[in-house]
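Take a moment to look at the chains below. We will walk through them one region at a time.

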Amino acid sequence: MSSLDQLFVSIKGAILGLAQRLLPAVWLPWVSIVITIGVIAAIAPAIMMYLTWLERKIIARMQNRFGPDRVGVYGLMQPLSDGLKMLIKEDIVPRGADRLLHLIAPILSVVPAILLFAVLPFGRNMTAVDLNVGLLYFFAVSSVGSYAIFMGGWASRSKFSILGAMRSVAQIISYEVPGVLSVVAVIMVTGTLSTVGIVEAQSNRWFVFTPWGCVGALIFFLSGVAEVNRTPFDMPEAESELVGGFHTEYSGMKFALWYMAEFLESFAISAFTVTFFFGGWYGPAVPFWIVAVLFAALIATARRLPIPVKGLGVVAMVGAGLCWGTQPIPSWAWFFAKTYALIFVLVWFRGTLPRLRADQLMGLAWKFFLPLALVNIVATGVWVSWPFPIGTALSALILIVSSWLLVRANHPEAARPLRTYVFAD
Amino acid sequence: MELKSSAMPTIETQTLEVNLGPQHPSTHGVFRMVATLDGERIVKLKPVMGYLHRNHEQIGESITYIGSFPFTDRLDYFCAMSNNFGLALAIEKLGGIQASERGEYLRVIMAELTRLVNHTAVTGFLLNDMGAFGTPLLYAFREREKILDLFEAASGSRMMCNYVRPGGVREDVPEGWLERAREIVRNYPAFLDEFETLLTKNEIVRQRTQQVGVLPKELAVNASVTGPMLRACGVNYDIRKVDGYSIYPRFTFKVPLGSVGDVYDRYYLRILEMRESLKILEQALKEIPGGPAISPKGMAIGKAPRTFRPPKGEAYGRVEAPKGELGFYLVSDGSPQPYRYHIRAPSFVNLTVLEEMCLGQKVADVIIILGSIDIVLGEVDR
Amino acid sequence: MAIIGSGVLRGMGVTFKTFLETYPVGRGLLRVLGIPVTNGLVTVAYPETKQQHAERFRYFPFLVYDGTPDNLRCVACKICEQECPPQCIHIVMEKDAQGRPVKAHGRTLPKQFDIDMSICMSCRICVDVCPFDAIEMDNQYEYASTDRGPSMNFTKEQLLKSADYFRQIKPTESSTVDQRLAAKAAKASAAKPTEPPAAKPPSPPASNT
């Protein structure tokens, strides 16, 4: 428990101490709640805005070009100008559309996305609410999003919106099943539904390093990608297809809310994968001064920052290194680093892969992921009953054999050799 | 969401007529398809073209033969050099002009570079239609830029080159151009390998494109489909081999043929054709002789187009453009302007089989099938 | 597993390599690992940096004068006006009150020479057919204007640029043109006693080269 690790907890404690001296005791729990909610409500939009920036920059770099770099240095003001643009756009509602539902739908989709942040273990002792049914809460709240999508599509009173909304809802519902089943394995091993408990159960080994955890992480992550409608599963909102999807008829701030919901949920999916499988806030004990030196080097070599800013940044990093240099890297830093690594993988998918057709992605969910998740549960049971190494080897064997069989059953043409091409004169 | 009428016979379904309108985000130009859908499957598809009609043939009848060359650039605006080449061949046949050696070599080099440019671009576009958010497209365009820089150095313009003339080419390439071309040809196979890694064995691409949009061999031959679409069905018809025009018989290259005729075959065939084009380019760049880049008669015509009065008669000059057989039909009545000037555009003819290929496929596949036919509206509508 | 199989991963490897190649740190990393570095950023940050064009890059034509703007090479023979495919050139020869052509420096000259830049195709045919090398292609392209008519119609004064400018933007092409003009001048001065240079009527010359 180093001071850097518990930095935010101690700040909150200091504020509560101040409130205790100023306000009557009955108000203190409310102050505590307000601080927590305020922090989450402040960082959630900030996370979403800079997630859009990150995505545009990364995809651009993968395509040999700069990303946005005109608005502010390195394009850092771009999300602000995007937000401003969305705010000043005209709000068009189709004639004959249900105005109330048209308004509620985007709100209904953003609210669960922010609610999910309540059970995320950002660091040691830094969970907003340590529910002992945290995992169930996660699945329940994220399912409300599918109501919102259908409501949005229906309220637009356009044939194509309804088609897109139906496809999207079908996709979300079908990918929830393998997602939940893959996490059942985690529940079996840890015996608790609380997110904090699951993270603490990974203190000596992350679950991803076990055979069932590896497969489970893959299934959970990919189901999550499908639930947020991101490439390669984004057929319902593809622009080059016939239907623009459920958000065709939305403009301005309402569209911005849909967009925000999508990005917040992608962050939430990455964060939950990290929590369930990748060890949450645990990380190897690396001293903090390494990170401080790295950041100082990064700031000093950034070509576009003006000199005073660079100087200030370097001084701040050096100061931080001197203050906390010998302590291990804080838990919240590990959490965010791992989450952003998974977000990088999400953006990487988007930049590389073409999208699957709607029926192909449903086939993937029902015919491949679902059986695999069920087999995963069996393999977890095997792993738990017999100790290492027999348990590990047996469960790995079960998983490998079953995935091979599933591949053969589902995609016989992929197993066929490549076609031969004749060269003629 | 599909209402399967076979499972619940009491529910009646209605077909939905949908306009894949002239403006749609998957490129290819202003082209409209009126599709009738039953659930997700296509029942009828009617292509509507003509949004880009610019009276090219009519204009061609009122200006001189040489004056038509800038307009041929704008036919298939990706492959300007090949279009010029076709018209130059037709005029040479009509007027009995012989092209100079170096001019022939330069023309072939330009035509094969154009084939590289076109096939790279169309593969990129196909993957863009499939949803890979532009990454393969931008890689393709990055390589294409290098070749377009070559075109700019030789002719002055990247796309609307107006470079090939009857008798050879308008002027010789500048110094160092051949070296740069050799450098690009040397580096291209590495890029093609990288491009293929990104795409060919990608399971998602294979799932989306295999067994989609199959074109049977007899239908292709009966509908006079030409180019990579025809060769993907397995018919061995490449005009460079059949006609042996210009100096193509001097180069050794093979013609790749597909077997099934679906979208994957057409896409992969274009990659193989690019490799064959690289072979032709290597040979041509090695063997190119010195000498004038245009024959004296050609230069005379270029300087004073109104003096060129070909004898009465007709000629049909055709080339293997990257999209198929591009043919120019000229009828002369002895005056400096052609009496009739008609263009056989490959994209237009290839589009006639769009409906047969799309029947029974899903909506999402129509875009991909259209992308694999490789149309350019400038050619379709002229 | 079929979908998330080796093909997809290899494709993602290519993208990741491209991502790393755009950063100097990434390039160093790739070199350390022995992977060849082939690409980098290809964006040209216009308008701070501009693309370097080839010498032959052509955009709009301009009229050439030797020395002073009234010593322009154009004799208003109207060949370019006839041959221009989209017909964007409009020439009026300088004539006196009786309708006879006025001569300056021993040749006729145009009173009005308008090229409508919104119609011009940049095809270069006017340059190819000019018998006097009076019109050449420029490589300026920043001509955006806010109205549709007047500022896109370039008059004679706007089109006139000196031969030195031509030599500066196109060294090899201008040297060819200069040699040709010098040879013609030598031939004309050799044949001067017998054949004075006359104003050419607007019809194609009989033969060339």
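A residue is called buried when its relative accessible area is under 20%, exposed when over 50%, and partly exposed in between. Keep in mind that this is a predicted model.

Start with chain B. Find helix 12, which spans residues 296-303. Which of its residues are buried? They are Gly298(B), Ile301(B) and Gly302(B). Now look down the axis of helix 12 of chain B. The buried residues fall within an arc of 100°, so they line one face of the helix. What covers them? Part of the cover comes from another chain: helix 4 (125-129) of chain C is included in it.

Move on to chain A. The chain is divided into domain 1, made of 82-284 + 353-415, and domain 2, made of 288-324. Taken over C-alpha atoms, the centres of these two domains of chain A are 37 Å apart.

One is Ser266(A), in helix 9, residues 253-277. Is Ser266(A) buried or exposed? Its relative accessibility is 2%, so Ser266(A) counts as buried. Set aside its neighbours within four places in sequence. Ser266(A) is then in contact with Val228(A), Arg230(A) and Leu346(A).

The other is Leu103(A), in helix 4 of chain A, residues 99-115. Here the relative accessibility is 43%, so Leu103(A) counts as partly exposed. Leu103(A) also belongs to a nonpolar surface patch of about 500 Å².

Finish with chain C. How many helices and strands does chain C have? It has seven helices and eight strands. The chain has 209 residues, and 40% of them count as buried. Now consider contacts in chain C with a separation of 6 or more. Residues 24 or more positions apart account for 66% of these. Chain C exposes about 11,400 Å², and carbon and sulfur atoms supply 58% of that area.

Zoom in on Val37(C). This residue lies in the loop between helix 2 (24-33) and strand 1 (61-65) of chain C. At 27% relative accessibility, Val37(C) counts as partly exposed. What does Val37(C) touch, not counting residues up to four places away in sequence? The list is Glu21(C), Arg27(C), Leu30(C) and Arg31(C). Val37(C) and Tyr23(C) are 14 residues apart in sequence and 11 Å apart in space, C-alpha to C-alpha.

How values were computed:
Residues numbered from 1 in each chain as written. Chains lettered and ligands numbered in written order. Predicted model: local features only at pLDDT ≥ 70, side-chain atom pairs only at ≥ 80, totals over all residues. Heavy atoms only, no water. Buried < 20%, exposed > 50% of the residue type's maximum accessible area, 1.4 Å probe, protein only. Helix = DSSP H or I, 4+ residues; strand = E, 2+ residues; numbered from the N terminus. Arc of directions from axis to C-beta. Contact = heavy atoms within 4.5 Å. Patch = residues over 30% accessible without salt bridge, like charges linked within 9 Å, V, L, I, M, F, W, Y side chains within 5 Å. Areas by Shrake-Rupley, 256 points an atom, 1.4 Å probe, with all protein chains shown as cover. Salt bridge = Lys/Arg side-chain N within 4 Å of Asp/Glu carboxyl O. Domains from an automatic or database assignment.
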